[in-house]
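I opened the notebook to go through one protein chain. Here is what I looked up, in the order I got to it.

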Amino acid sequence: MHKATSAHQTRLSGFLFLAATAIGWGLNWPAMKILLRDWPPLFARGIAGVVAALILFAIAAVSRERLRVPRKAWGRLLLASFTNVFAWMGFTTISMTTLSISEAALLVYTMPIWATLFAWPILGARPKPRDVTGLILGFTGLVVLFSGHPLGFESDKIVGIALALAAAILFALGSLLNARPVPVAPISFVAWQVGLASLPMVVLGLAFEHPDLGALRIDSGLMLAYMILVPAGTCYLTWFAAIRRLPAATAAVGMLSVPVIGILAGALFLGDGIGWQETGAIVLTLSGVALALSKPKPVIEQGV
């Protein structure tokens, strides 16, 4: 009886941690949109990432994790930093300068579909009928989403779409290529990834975006603080707590609520429209992603 109660409490706490993670990452989408009104994308995301990395290093130290990275692990750490953070966060943020939250969120959250597709040549995992159905549903959702917005080669959305898809594809590739565990403690591993990827964003932002540091208004400053403390800091801790308490597939499918929360928050706080196209795209795309995630496999870490 005691074991059953303990298991129930563990599962319940896991769901609570998962919900906190999804809400924190979901609300980050409109937060980014607000911050981009005052600061350019690479610089804005880079500053948030650098400060968040310092906080994560401090948390890792307090938790008595080893911060040192073994020499043999640096290559995989750098690859993970590029695919999991620089491409995922940087490309996504740039895409949001021309795309709506619903467009950017659904494009980047096709990542599990790409992972299923690339698993065949990389891992030898041949797609099953369920995987093919997921691919069809996912891409049908994207067609529905953009069907009311004819895109020509002169459209500024083309670059945004390409960057959002590149973020999803590179994250999927990185997840497959880094499938083997890295001999670095979990919080330290995230801190190194975020720091190594965010510092170049700041450098590139200063060099090419020429941000006006004094342009940051109160609302944007509050969103910057939120991005540092919640999505890049607290949410990674609640994410690790969730995946220690829940099956990998449960945690991964639970993350499908992140783009939905982001889209709904964009409608609530920014007045983004949600019509039949957006609703249909959400249902179709996330159904396809759910099919891609429905078979047992290692959970794929995501964030925004």
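Which side chain meets E103 in a salt bridge? I found K157, at 2.7 Å from N to O. I count a salt bridge when a side-chain nitrogen of Lys or Arg is within 4 Å of a carboxyl oxygen of Asp or Glu.

Ground rules before going on. This is a predicted model, where local features need pLDDT of at least 70 and side-chain atom pairs count only at pLDDT 80 or more, while totals for chains, interfaces and linings use all residues. Residues are numbered from 1 along each chain as its sequence is written, and side-chain values use heavy atoms, with hydrogens and water left out.

**Salt bridges**

Back to that pair: it links distant parts of the chain, with E103 in helix α4 (residues 101–108) and K157 in helix α7, 54 residues apart. For helices I take DSSP runs of H or I with at least four residues, for strands runs of E with at least two, numbered from the N terminus.

I then checked burial, where buried means under 20% relative accessible area, exposed over 50%, and partly exposed in between (1.4 Å probe, protein chains only). E103 is buried at 3%, and K157 is buried at 17%.

The count comes to 2 salt bridges. The other entry I noted is D38 with R217, whose closest N and O atoms are 2.8 Å apart. D38 sits in the loop between α1 (2–35) and α2 (41–62) and R217 in the loop between α8 (186–209) and α9, so this pair ties together parts 179 residues apart in sequence. D38 is buried, with a relative accessible area of 13%, whereas R217 is partly exposed at 45%.

**Overall build**

I get 12 helices and 0 strands for the protein chain. Its radius of gyration is 19 Å, close to the 19 Å that the globule rule gives for 304 residues, so the chain is as compact as a globular protein of that length. That radius is taken over C-alpha atoms, and the rule is 2.2 Å times the number of residues to the power 0.38. Along the principal axes, the C-alpha atoms fill a box of roughly 60 × 50 × 40 Å.

Of the 304 residues, 50% count as buried. I also looked at contacts (heavy atoms within 4.5 Å): among those with a separation of 6 or more, 90% come from residues 24 or more positions apart.

**Core**

Which residues touch the most other members of the largest nonpolar core? W29 and L106 do, out of 79 residues. Helix α9 (residues 218–245) gives the largest share, 10 residues. Another core lies apart from it, with 7 residues including A73 and V182. My core rule joins buried Ala, Val, Leu, Ile, Met, Phe, Trp, Tyr and Cys residues through side-chain atoms within 4.5 Å.

I listed the partners of L106, leaving aside neighbours within four places in sequence: L142, L145, I263, A281, I282, T285 and L286.

**Surface**

L79, I122, L123 and L177 form a nonpolar patch on the surface, together showing about 330 Å² of accessible area. Patch members have over 30% relative accessible area and no salt bridge, with like charges joined within 9 Å and nonpolar side chains (Val, Leu, Ile, Met, Phe, Trp, Tyr) within 5 Å. Areas come from the Shrake-Rupley method with a 1.4 Å probe; for residues, only the protein chains shown count as cover. L177 belongs to helix α7 (residues 157–177) and is exposed at 52%.
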